[in-house]
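Morning, everyone. I have one structure to walk through today. Please have a look at it on the screen.

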Amino acid sequence: MALPVRAYRKDIALMVAFNPAQPSQFTTFCGATSVSFSLTNEIQTERVADCDDLTAAVQTIKEYGAQDVSVTVNGTWARQNHMKAWRWAKDQLRLPVRLHFANAERGDVQDIDGVALLSGFTLDNIMNIDGATVSRNITLEFDGGIKETLAP
């Protein structure tokens, strides 16, 4: 029996090119404690009937439609990228984002790249009385498609 090779914090990183003048200079998103990546395919459904046999059962035909990619970042507030994340949200920037698989084997997806809009920016636990850190939650939505790069 072979056990699966699993991924941990060091194996997959969310990276952002915060400087629009240098769109290929990515930095790891500081403060993230969990990141969720979602690729959703729209399925278009149409009911059709047989043209020759009107007694035949109606069938459902399905086709792929638009594709939607989003990322949710949960974490602690981090001074290292506070102003950068704030500008992204407040100024409604479109920034290059990369999901990097550090241990991708030859021919596997190593990077998933796209341009993301920041649709949600939440700070929580402000002035909490328990001494817990302030948390930050960010929702990203990719504009257009994504591009994958395979490991050499």
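The chain exposes about 10,800 Å², with accessible areas from the Shrake-Rupley method and a 1.4 Å probe. Carbon and sulfur atoms supply 52% of that area. Of the 152 residues, 24% count as buried, meaning under 20% relative accessible area with a 1.4 Å probe, protein chains only.

Some ground rules. This is a predicted model: local features need pLDDT of at least 70, side-chain atom pairs count only at pLDDT 80 or more, and totals for chains, interfaces and linings use all residues. Residues are numbered from 1 along each chain as its sequence is written, and side-chain values use heavy atoms, with hydrogens and water left out.

Now the fold. The chain has 1 helix and 7 strands. These are DSSP runs, numbered from the N terminus: helices are H or I with at least four residues, strands E with at least two. In sequence, the pattern reads β-β-β-β-α-β-β-β. The radius of gyration, over C-alpha atoms, is 21 Å, well over the 15 Å from the globule rule (2.2 Å times the number of residues to the power 0.38), so the chain is more spread out than a compact globule. Its C-alpha atoms fill a box of roughly 70 × 40 × 40 Å along the principal axes.

Pairing takes at least two DSSP bridges between two strands. Strand β1, residues 12–16, is joined to β2 by 2 bridges. There, Met15 stands opposite Thr28 in β2.

Notes: Buried < 20%, exposed > 50% of the residue type's maximum accessible area, 1.4 Å probe, protein only.
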